[in-house]
Amino acid sequence: SIETFPGFLYIVNPFTPIGQLYWSTRCIRDYSLSPNASNIDTSVDQSNRGCLWEKHISIVKKESDQVDLLDRLRWVTLGYHYDWDKKVYHKDRVSPFPQDLAAMTKFMAQIFGFSTYQPEAGIVNYYTMESTIG
């Protein structure tokens, strides 16, 4: 049971339906944009990356065979970017941490007694309906 793991905190359903929509939209439309780093950075011309959601909708509406980058998106880093190969954060590879996400995480941290918490980095993972973890 969870009681056997001291320090483990579990939050049941922290978001309202409107909150779920808001954060889902931010993750798909905004956090996937440059300068945030993502798994598709090496395969995409960054000047043409644009909003993956808008490109996805355009491809679906046209029933196009064009590559849908949203289908390939697996992760995005916010704030300090993580180097997955070297397993380190680089101080010179950083983008602004989203203010709304910072405010929300600071609020949650304060509820649990971490009043000095300051978010600097985050990872957004993207899963399809067919995705599995493990």
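Here are some questions and answers for getting to know this predicted model.

Q: How many helices and strands does the chain have, and in what order do the elements run from the N terminus on?
A: Let's start with the overall picture: the C-alpha trace spans about 50 × 35 × 30 Å along its principal axes. The secondary structure comes to four helices and four strands. Read from the N terminus on, these elements follow the order α-β-α-α-β-β-α-β.

Q: Which element gives the most residues to the lining of the largest pocket?
A: The largest pocket has a volume of about 250 Å³, and its lining includes F15, W23, C27, L101, M104 and I123. Elements that give two or more residues to this lining are α1, α4 and β4 (121-125). With four residues, the one that gives the most is β4.

Q: How do the residues lining the largest pocket divide into nonpolar, polar and charged?
A: Among the lining residues are Y31, L78 and V124, along with G122 and N125. For the whole lining, the division is nine nonpolar, two polar and no charged.

Q: Which residues lie nearest the centre of the second largest pocket?
A: This pocket holds about 160 Å³ of space. Both α2 (52-62) and α3 (69-72) supply at least two residues of its lining, which divides into six nonpolar, two polar and two charged. Of the 10 lining residues, those nearest the centre are L70, L73, Y126, Y127 and T128.

Q: Is the peptide bond from S34 to P35 cis or trans?
A: To find P35, look in the loop between α1 and β1 (37-38). The peptide bond that leads from S34 into P35 has omega near 20°. That bond is cis.

Q: What is the value of phi at N13?
A: N13 sits in the segment before α1. Its phi is positive, in a residue other than glycine. The value for N13 is near 45°.

Technical notes:
Residues are numbered from 1 along each chain as its sequence is written. This is a predicted model: local features need pLDDT of at least 70, side-chain atom pairs count only at pLDDT 80 or more; totals for chains, interfaces and linings use all residues. Side-chain values use heavy atoms; hydrogens and water are left out. On a 1 Å grid over the protein atoms alone, a cavity is a set of points where a 1.4 Å probe fits but cannot get out, and a pocket is an open set with protein on both sides within 12 Å along at least five of seven lines; lining residues have an atom within 4 Å of a point. Grid points are joined across faces, edges and corners, and a volume is the space filled by probe spheres set on the points. Ala, Val, Leu, Ile, Met, Phe, Trp, Tyr, Cys and Pro count as nonpolar, Asp, Glu, Lys and Arg as charged, and the others, Gly among them, as polar.
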